[in-house]
Amino acid sequence: MLITKLKSEEAIASLTSGKVFIINCHGCKEVGFPEEEAKALEKRLAEEGKLVGSLTTDYVCNPTELALRLRSPMAKIAEADAVLVLSCGVGVQTISEVLEDKPVYACCDTIELPGFQGVTPLEYDCGQCGECFLNLTGGICPITACSKSLVNGPCGGTKDGKCEVNPDMECGWERIYQRLKAQGRLDVLKCPTQLHDFNTDEATKAAKESE
């Protein structure tokens, strides 16, 4: 299975400078979600006057079902400066694709645990690698969308927007650039090199504690 762990208070605070809409996925039984922390976050943002609305649902990784469930709150989503998503990495990527003109932010990191991983009808993938990069890359995972899993930009081998390793595959970083450009957020790419914290993996922590 896998679990989602709420990002730090500082990380979430950096995402909530304006009005936000929350999508909270209770998902599939193979995923553990921080439900109490999610409720506390929603309550706090409401008290601060930043929350324009929220949606609690399941299986946001299914784009057809998601599109139907977003019909009702779409007006509220339009009022928000950003959408905060509490789900695994696949859910965040799905919502980012459906709401591609709106900044969509992951409030959770996805951590792999032994056992069944669940299924999704999509080509999206989540490496369940701990600290999530989706907030820096327009909701497109650079680790799974890039054949080389590059996290600091493209390799330079792209040709006509296609990957040099797999010509049938779109370059993940080309997709990231185009989405951020469409959202007017290319300044995000000016951030310093981000070091990936793989130590958020619970299995790694447990192994270190047993040494």
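This is a predicted model: local features need pLDDT of at least 70, side-chain atom pairs count only at pLDDT 80 or more; totals for chains, interfaces and linings use all residues.

Reply: Residues are numbered from 1 along each chain as its sequence is written, and side-chain values use heavy atoms, with hydrogens and water left out.

Me: How many helices and strands does the protein chain have?
Reply: Both are DSSP runs, numbered from the N terminus: a helix is H or I with at least four residues, a strand is E with at least two. By that rule the protein chain has eight helices and eight strands.

Me: What percentage of the residues in the protein chain count as buried?
Reply: Buried means under 20% relative accessible area, exposed means over 50%, and partly exposed lies in between (1.4 Å probe, protein chains only). The protein chain has 211 residues, and the share that counts as buried is 42%.

Me: What share of the contacts with a separation of 6 or more joins residues 24 or more positions apart?
Reply: A contact means heavy atoms within 4.5 Å. Among contacts in the protein chain with a separation of 6 or more, residues 24 or more positions apart account for 68%.

Me: How many salt bridges does the structure hold?
Reply: Side chains of opposite charge can pair when their charged atoms come close. A salt bridge is counted when a side-chain nitrogen of Lys or Arg is within 4 Å of a carboxyl oxygen of Asp or Glu. The structure's total is eight.

Me: Which residue forms a salt bridge with Lys7?
Reply: The closest N and O atoms of the pair are 2.6 Å apart. Lys7 is in the loop between strand 1 (2-6) and helix 1 (9-13) and its partner is in strand 7 (residues 108-112), so the pair ties together parts 102 residues apart in sequence. The partner is Asp109.

Me: Which helix holds both Lys39 and Glu36?
Reply: The two residues form a salt bridge, with 3.9 Å between the closest N and O atoms. Glu36 counts as exposed, at 56% relative accessibility. They sit three residues apart, about one turn of the helix, and that helix is helix 2 (residues 35-47).

Me: Which residue meets Glu65 in a salt bridge?
Reply: The N to O distance is 3.7 Å. Both residues lie in helix 3 (residues 63-69), four residues apart, about one turn of the helix. The partner is Arg69.

Me: How many disulfides does the count come to?
Reply: A disulfide is a covalent bond between the sulfur atoms of two cysteines. It is counted when a pair of cysteine sulfur atoms lies within 2.5 Å. The sulfur of Cys163 has its closest cysteine sulfur in Cys146, 6.6 Å away, which is too far for a bond. The count is zero.

Me: Where is Tyr59 placed?
Reply: Tyr59 has a phi near 50°, a positive value in a residue other than glycine. Tyr59 counts as partly exposed, at 40% relative accessibility. Its place is the loop between strand 4 and helix 3.

Me: Is Asp160 buried or exposed?
Reply: Asp160 has a positive phi of about 55°, although it is not a glycine. Asp160 lies in the loop between helix 6 (142-145) and helix 7 (172-182). With 73% relative accessibility, Asp160 counts as exposed.
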